[in-house]
Amino acid sequence: MPIPVYDRDKINRPFLDDMKIAVERVITSNLDVDHEVSRFEAEFAAWNGASFAVSVNSGTAALLASLLALGIKPGDEVITVPNTDGATSSAVVMSGANLVWVDIDPVTRTMSPEALKAALTPRTRAIVPVDMFGHPADIDQIKAIATEREIPVVEDSCLALGATINGRKVGSLATTTCFSFGRNKHLGAMGAGGCVLTESGDLAERLRKISEYGESRGRSWKKSGLGKDGWFWHETIGMSQRLDEIQAALLRVKLPSIEANIACRRRQAARYEAALNGSAIRVPQCRPGVEHAWRNYVIEVANRDHLRERLAEKGIGTNLTYMPPMHLQPAFAALERPRGSYPTTESICDRLVGLPIGPHLEDEQQDYVIEQLLVSVDH
Ligand SMILES: *Cc1c(COP(=O)(O)O)cnc(C)c1O
């Protein structure tokens with residue numbers, strides 16, 4: 001039996017009966033907006049310990065809406081990292097800002113606070129740290145640097161649902177925190193979805209407008225008293241990026257299982273670490289006080305192509321999330337950051353291999369992955 005990195009069918013099947021009921025509920029609700037969405041937002045905010053949730057239709061939309069709601073505009077500089085999903089850098093460019101990358105810390109593989117400090121200019125208007133693979137960025141240090149200059153922090157937590165720093169979940173630590181419900185994320189929708197969390201009611205209101213045509217109705221249009229019932233009253237430039245009712249209903253079915261999903265990943269990460277530590281494989285490490293969310297279990301090895309081929313022969317799936325880094329991608333060639341620009345990012349991207357992890361992976365399968373890793377790795 002092959003062991004894939006992801007197995008959406010296996011993960012979603014237990015929810016099938018409840019999902020059918022949820023879909024029927026939406027279809028027979030006259031498609032009135034805002035039954036499931038507002039309930040999902042309240043449940044998701046509560047789960048993360050955040051004050052406000054504004055759901056959108058992808059993690060990319062969550063990032064872009066955050067930047068626009070913060071007033072980012074052409075000529076501003078926004079700092080992020082090159083080792084991430086393409087969406088992070090794309091959202092910065094789409095906001096009109098100048099994209100600035102900084103290198104990462106080799107242990108946590110997240111934004112280096114020292115590199116961040118060195119990259120600040122009087123035009124820096126936002127910082128977008130990424131919780132890479134599910135390890136939260138050093139948000140306390142980054143915030144200390146940002147607060148001094150009153151620069152907002154947009155945390156890309158698309159891979160880090162449920163990760164904690166000193167017992168506090170990501171979601172209420174930054175100015176906004178962005179999540180993805182892409183199919184393979186912790187809380188995977190049956191399609192796409194995303195959410196922004198914030199502690200600021202004003203920002204939440206701006207995020208709602210931006211994700212809904214710039215209209216004031218938001219999700220409380222009945223209360224707004226503006227325009228004709230609050231409709232067709234465009235207060236800002238906006239997009240059509242709301243989460244839809246069906247995805248919200250489906251996500252509500254899965255949300256109660258997320259605690260167990262993350263606990264399962266933590267247990268599997270501990271099993272990998274115990275078995276692989278001391279081998280030629282470099283296993284991921286956590287900063288003290290961090291509980292990782294383990295969306296990805298990413299090892300580093302010297303000859304990864306060879307290792308991946310040998311594992312593939314044994315039916316074991318691996319992946320290369322995320323490489324090449326953004327500065328070496330054609331989309332960002334105009335920034336002219338050649339190889340050598342971000343040495344820590346490059347050395348990790350040259351060596352990384354993602355292993356199967358998650359509720360679809362059974363213990364015997366993981367044992368087999370470990371066994372094959374140990375015999376296949378070059379010493
Ligand atoms: C998945 C992901 C995104 C984009 O989310 P979508 O829902 O696919 O748009 C952004 N940043 C990171 C780090 C991601 O992993």
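User: How many salt bridges does a search of the whole structure find?

Analyst: The search finds 20. A salt bridge here is a side-chain nitrogen of Lys or Arg within 4 Å of a carboxyl oxygen of Asp or Glu. The model is predicted: local features need pLDDT of at least 70 and side-chain atom pairs count only at pLDDT 80 or more, while totals for chains, interfaces and linings use all residues. Residues are numbered from 1 along each chain as its sequence is written, and side-chain values use heavy atoms, with hydrogens and water left out.

User: Which residue does Glu41 meet in a salt bridge?

Analyst: Its partner is Arg208, at 3.8 Å from N to O. Glu41 belongs to helix α3 (residues 36-48) and Arg208 to helix α8 (residues 201-211), so the pair ties together parts 167 residues apart in sequence. Helices (H or I, at least four residues) and strands (E, at least two) are DSSP runs, numbered from the N terminus.

User: Is Glu41 buried or exposed?

Analyst: Buried means under 20% relative accessible area, exposed over 50%, and partly exposed in between (1.4 Å probe, protein chains only). Glu41, at 5%, is buried, and Arg208, at 14%, is buried too.

User: Which residue forms a salt bridge with Arg282?

Analyst: That is Glu300, with the closest N and O atoms 2.9 Å apart. Arg282 sits in the loop between α11 and β10, and Glu300 in strand β11 (residues 297-300), 18 residues apart. Arg282 is partly exposed at 30%, whereas Glu300 is buried at 3%. Elsewhere, a network of salt bridges links Arg25, Glu36, Glu43 and Arg252.

User: In what order do the 3 strands of the open sheet lie?

Analyst: Strands of a sheet pair through backbone hydrogen bonds, either parallel or antiparallel. Two strands count as paired if DSSP finds at least two bridges between them. Here the order is β7-β6-β10, with antiparallel pairing. β7 (168-169) and β10 (290-291) are the edge strands, each pairing on one side only. Strand β6 (residues 164-165) is joined to β10 by 2 bridges, and Thr164 stands opposite Glu291 in β10.

User: How many residues line the largest cavity?

Analyst: Rolling a probe the size of a water molecule over the atoms shows where empty space is left. A cavity is a set of points, on a 1 Å grid over the protein atoms alone, where a 1.4 Å probe fits but cannot get out; lining residues have an atom within 4 Å of a point. In this structure 18 residues line the largest cavity, and Ile11, Arg183, Asn184, Lys185 and Arg265 lie nearest its centre. The largest share of the lining, 3 residues, comes from α1.

Key:
On a 1 Å grid over the protein atoms alone, a cavity is a set of points where a 1.4 Å probe fits but cannot get out, and a pocket is an open set with protein on both sides within 12 Å along at least five of seven lines; lining residues have an atom within 4 Å of a point.
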